[in-house]
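Take it topic by topic and look up each spot as you go.

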Amino acid sequence: MPSVRRVSHAFLERQGLTTVFGNPGSNELPFLAGLPEGFRYVLGLHEGAVVGMADGYAQATGRPVLVNLHAASGSGNAMGALTNAVASRTPLVVVAGQQVRPAIGLEANLASVDAPALMKPLVGWAAEPTCAADVPRALAQAVFEARLQRRPTYLSVPYDDWSADADDNARAVLDRRVLRAAVPGGEQGRWLAEEVASAARPALVLGGDIDSAGRFDDAVRLAERLGCPVWAAPSLFRLPFPNRHPLFRGVLPAGIAPVAEAFEGHDLVLVLGAPVFRYHEHLPGRYLPAGTRLIQVTEDASAAARAPVGEALVADPGAVIDVLLASPGTGGGAPAGAPLPVPEPLTAEGPGLHPEEVFAALREELPEDTAYVVESTSTNAAWWRQMDLRRPGSYYFPAAGGLGFGLPGAVGVAMAQPGRPVAGVIGDGSANYGITALWTAAQHRVPLTVVLLRNGTYGALRWFGGLLGVPDTPGTDIPGLDFTRIAEGYGVRAQHVGGVAELRAALAERPAGPRLIQVDTALTTPS
Ligand SMILES: Cc1ncc(C[n+]2csc(CCOP(=O)(O)OP(=O)(O)O)c2C)c(N)n1
Ligand SMILES: [Mg+2]
């Protein structure tokens with residue numbers, strides 16, 4: 001009889017979950033023993049980095065990814081990073097080791113007391129199988145739930161289960177297949193097309209899900225057909241539309257009042273692939289201007305249920321785009337004009353470069369199809385003023401605002417797309433939360449450029465302090481960090497660049513492996 005472990009490995013193989021991001025402890029070793037050829041274990045040195053790398057990898061491949069974590073201590077370390085994966089709807093399947101069954105109740109060392117409850121508020125589904133024979137089925141459920149819910153799942157497995165025998169019933173998971181269709185019914189499609197066709201001044205709001213679903217180009221076709229303005233949804237984690245397209249109006253501000261203000265004069269707002277809305281700054285007001293209706297299309301049933309306003313259709317927004325493109329009544333948009341021009345970069349007074357100078361250099365020196373993973377918080381306005389991103393999968397940002405995604409996420413994105421240039425644009429504060437990913441990048445010789453923006457401070461917090469009327473808080477300056485030495489310690493080649501010319505020359509090089517470029521920058525505000 002095959003073991004639970006063999007059946008589980010075979011199931012993972014069939015489902016294509018053969019790249020495992022992890023950081024093991026003793027509880028996890030029995031699962032990892034005898035991983036079949038074709039599996040790749042990507043070791044991360046801290047669980048936050050492990051989840052960040054897996055998140056980037058899963059987002060860039062569009063497929064569920066297995067994450068292997070140590071019991072409560074390792075899983076706990078991963079929770080901050082999981083908040084981002086929840087918000088970006090990344091299907092991570094976290095499998096954690098548990099003490100042997102007889103030792104859990106007596107709380108032996110490394111027993112995770114009530115392991116599913118530890119993760120429950122974050123993950124979409126969490127369990128510990130009730131017996132060893134149920135492990136393969138539970139593992140299959142973890143994979144399918146992650147895919148169907150598009151949310152991380154968590155499975156805690158007592159380590160003595162892996163060597164137990166798997167009976168015929170347990171082996172049935174090998175032939176399981178779970179498909180999903182989320183095309184709107186004919187009547188729903190007609191209703192939506194009519195609403196859009198009869199709107200006098202419609203507007204589109206696109207969420208990160210549009211890019212995750214591979215519908216970036218289709219969104220352009222829809223917008224051009226409707227000839228209506230397009231915003232990206234607030235708290236953007238992936239870019240769903242070319243940011244210099246003439247119909248693009250930018251990323252909506254993440255506050256109730258300014259969102260309503262942006263919609264002024266529109267009778268219909270069609271939101272595709274986003275919650276309504278993921279606000280941040282508390283700027284109260286009416287959700288919508290008088291006379292504006294909102295229709296949300298999302299595959300995320302919970303996002304539809306919790307929205308405070310509007311009508312919702314729970315369906316695949318990509319399929320809805322197809323319906324609207326095929327509907328005769330939705331045409332009429334004028335041909336799109338020339339791309340919006342890029343302004344001259346601002347320059348700084350002091351010794352550091354203005355972030356706009358750095359981003360202008362990225363735009364001009366790196367290939368046009370570069371995928372950027374950004375975690376630099378005070379430079380948001382400068383970023384969107386300078387960048388010209390026209391391709392799907394060009395932009396990733398920590399979806400829940402939890403720092404520690406950027407650097408690991410960039411490693412994961414680069415591992416997933418070896419043929420595509422990838423750059424991490426990382427603040428000097430942010431870098432520390434996922435810094436150990438540099439080691440993994442060095443070990444796997446991941447081709448990646450990390451541009452480290454050193455302004456010596458948690459710039460966004462200073463700005464936020466002003467906004468909240470508390471400008472004089474401690475704990476916001478971070479002097480004395482040299483990331484060239486830190487990177488070299490992890491095995492990543494690094495250089496400090498002084499001026500724009502030196503930065504541009506560095507960017508023009510195309511090394512095979514990872515490299516870090518540190519540049520001193522002036523403090524700016526995010527908006
Ligand atoms: C895990 C986590 N801890 C703390 C914060 C709070 N936080 C938000 S922005 C920020 C500063 C980031 O600094 P840096 O990367 O240097 O970017 P800058 O604002 O200077 O551009 C901090 C600490 C957070 N978002 N996530
Ligand atoms: Mg900083």
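Predicted model: local features only at pLDDT ≥ 70, side-chain atom pairs only at ≥ 80, totals over all residues.

Residues are numbered from 1 along each chain as its sequence is written, chains are lettered from A and ligands numbered from 1 in the order in which they are written, and side-chain values use heavy atoms, leaving out hydrogens and water.

**Domains**

- The protein chain divides into domain 1 (4-175), domain 2 (186-330) and domain 3 (355-520), with bounds that come from an automatic or database domain assignment.
- The centres of domain 1 and domain 2, taken over C-alpha atoms, lie 35 Å apart.
- Contact (heavy atoms within 4.5 Å) links 5 residues of domain 1 with 7 residues of domain 2.
- About 580 Å² is buried between domain 1 and domain 2, with 39% of it on carbon and sulfur atoms; buried area is the accessible area (1.4 Å probe) that two parts lose on being put together, summed over both.
- Within domain 1, the most area is lost to domain 2 by Gln59, Ala87 and Arg89, which together account for 72% of what that side buries.

**Helices H3 and H17**

- Helix H3 (residues 47-61) and helix H17 (residues 406-416) have axes that come within 7 Å and cross at roughly 40°. Axes are lines fitted to C-alpha atoms, for helices over the stretch in contact, and angles run from 0 to 180 degrees between N-to-C directions; helices (H or I, at least four residues) and strands (E, at least two) are DSSP runs, numbered from the N terminus.
- H3 passes H17 in a right-handed crossing; a crossing is right-handed if the near helix is turned clockwise from the far one by less than a right angle, and left-handed if anticlockwise.
- The residues that meet include Gly52 and Gly56 in H3 and Gly409 and Gly412 in H17.
- By class, the contact of H3 with H17 has 9 nonpolar, 5 polar and no charged residues. Ala, Val, Leu, Ile, Met, Phe, Trp, Tyr, Cys and Pro count as nonpolar, Asp, Glu, Lys and Arg as charged, and the others, Gly among them, as polar.

**Helix H14 and its partners**

- Helix H9 (residues 186-198) packs on helix H14 (residues 317-326) at about 65°, with axes 10 Å apart, and the crossing is right-handed.
- Gly189, Leu192, Ala193 and Val196 of H9 touch Val320, Val323 and Leu324 of H14, giving 6 nonpolar, 1 polar and no charged residues.
- Helix H11 (residues 216-226) packs on H14 at about 35°, with axes 10 Å apart, and this crossing is left-handed.
- Asp218, Ala219, Arg221, Leu222 and Arg225 of H11 touch Ile321, Leu324 and Leu325 of H14, giving 5 nonpolar, no polar and 3 charged residues.

**Backbone details**

- Most residues other than glycine have a negative phi, and most peptide bonds are trans.
- Valine 276 and phenylalanine 277 are joined by a cis peptide bond, with omega about -25°; phenylalanine 277 sits in the loop between strand S10 (268-272) and strand S11 (293-298).
- Glutamate 107 has a positive phi, near 55°, and lies in the loop between helix H5 (101-104) and helix H6 (115-119).
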